[in-house]
Amino acid sequence: MAEKLKVDLVTPYKKILSEEVDELTATGALGEFCVLPGHAPFLSSLKIGELAYKKGGQIFHLALNWGYFEIEDDKVTVLVETAERADEIDLERAKAALGRAEEALKRLSAEDKEYRIQEAALERALIRMQVAGKAARK
Amino acid sequence: MASLKSIKKRIVSVKNTRQITKAMKMVSAAKLRRAQENVVAARPYAKKLGEVLERLARSQDENANPLLQKRVSQKALLILVTSDRGLCGGFNANICKAAERFVKEKKGDYAEISLMTIGRKGFEFLKNRQKIRKNYGNVLSNLNYPAAALLAQEVIEGYLAEEYDEVFLLFNAFRSVMSQDITLQQLLPIVPEVTAEEEYAPEYIYEPSKGELLAELLPKHIEVQMFKALLESVASEHGARMTAMDSASKNATEMIGKLTLQYNRARQAAITTELMEIISGAESIKG
């Protein structure tokens, strides 16, 4: 049997995921990457983005919000502030959040403190919609 | 002996009190369960983050990041976590006393010690005695991670602006429903827990660079520590309140027993007096 990755995904509120997977893709600070069993020790920060893992031929998607990724000895630890499985995402809410963030961005200039907050909100909403969309297509 | 009516009145009032304390106990029990779950849920995150941080910090120079750097300590900040509400036994009083003791003991070590309070009770206790930099209310009633993170960021900003050189956190750690540990934790500068054993550490690939990672990770660490401390404090508060209300209910029950006994005695005495009067009246007619 092929080797597997042992994945632990934790947020401050709860442990979201603790599973053995075949392959894992995430969005790092420098771009998307994919890890397979036997990967060298690796530590990266994660941007707001998508995490996908493959288990038994099926692909699962999650929307992540800012965190860390670590792999050592086929043990993967993902620390994030929030994470949502594709089927948990409230598409209506994400759309509403997207609208709100767009509105706010129009009104603010790039120097405002709030600009970055709203920008992050926009990104989060986009990722949520993207992930939810992938789940629906399956 | 007190009159029948006044005893009856007292029994009713104690019964009302018992009803309230019982209800409060139930509410606290429910809240405690939720708070306890939150504490347990936050533990793996804090633990993992600590591990990652340790690995990073071990191979890093102490001076690489201002949050790790030890400065000459002149000004200290003590963050005191109490509750917003009372009626929870010695929960707030104990920790406020501990804060005062801390200030008294450390007075010689620092040029200045300022305080920051989270929770109304601590603020009210200390506002006339110590220098309070700021009080944060309304954090505890609806505790969530972003609120704790915001708090931590303010603390970090102050630290980087050299408003204080060392930050301590004083809070009630949750041990069990019955007992809380008053815990003093150094928040800044960060002292990474380095395990004694020099095990073989594999060479890591860092993305982006190690320094950048550390710069992002350290504030996060403070946030998580803050969040954890607040969670523990909230759980402790509910535990303390539950215990206090439980013993209050017990005392009320005991009191009602005593008063009922008194009431029955008084009633019996009244009946006896009345009988005596009737008998003596009858006797006198006969005579």
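The report below covers the contact between the chains, the nonpolar core and some backbone features.

## Basis of the report

The structure is a predicted model, and the values that follow were computed from it.

## The contact between chains A and B

The contact between the two chains draws 21 residues from chain A and 19 residues from chain B. On the side of chain B that touches chain A, at least two residues come from each of three elements, namely α1 (4-58), β6 (205-207) and α5 (210-286). The largest share of that side, 7 residues, is supplied by α1(B). By residue class, the side of chain B that touches chain A consists of 15 nonpolar and 4 charged residues, with no polar ones.

Strand pairing also links the chains, for strand β5 of chain A (residues 42-46) is joined to β6(B) by 3 bridges, and the two strands run parallel. Within this pairing, A:Ser44 has B:Glu207 of β6(B) as its bridge partner.

## The largest nonpolar core

The largest nonpolar core contains 93 residues, and those with the most contacts inside it are B:Leu78, B:Ile79, B:Leu80, B:Val167, B:Leu170 and B:Leu230. The element that gives the most to this core is α5(B), with 17 residues.

For B:Leu230, once its neighbours within four places in sequence are left aside, the residues in contact are B:Val81, B:Val139, B:Leu140, B:Leu143 and B:Ala148.

## A cis peptide bond in chain B

The peptide bond that joins B:Leu188 and B:Pro189 is cis, with omega at about -10°. B:Pro189 belongs to the loop between β5 (180-188) and β6 of chain B, and β6(B) is the strand that runs parallel to strand β5 of chain A.

A:Trp66, a residue other than glycine, has a positive phi near 50°, and it is placed in strand β7 of chain A, which spans residues 58-72. A:Trp66 has 18 other C-beta atoms within 10 Å and is therefore partly exposed, since the buried class requires 20 or more and the exposed class 12 or fewer.

B:Glu162, likewise a residue other than glycine, has a positive phi near 60°. B:Glu162 is found in a loop of chain B, between α4 (145-160) and β4 (166-174). B:Glu162 counts as exposed because it has 11 C-beta neighbours inside 10 Å, and a residue with 12 or fewer falls in that class.

Key: Residues numbered from 1 in each chain as written. Chains lettered and ligands numbered in written order. Predicted model: local features only at pLDDT ≥ 70, side-chain atom pairs only at ≥ 80, totals over all residues. Contact = placed C-beta atoms within 7 Å. Helix = DSSP H or I, 4+ residues; strand = E, 2+ residues; numbered from the N terminus. Nonpolar A, V, L, I, M, F, W, Y, C, P; charged D, E, K, R; others polar. Pairing = 2+ DSSP bridges. Core = buried A, V, L, I, M, F, W, Y, C linked by C-beta atoms within 7 Å.
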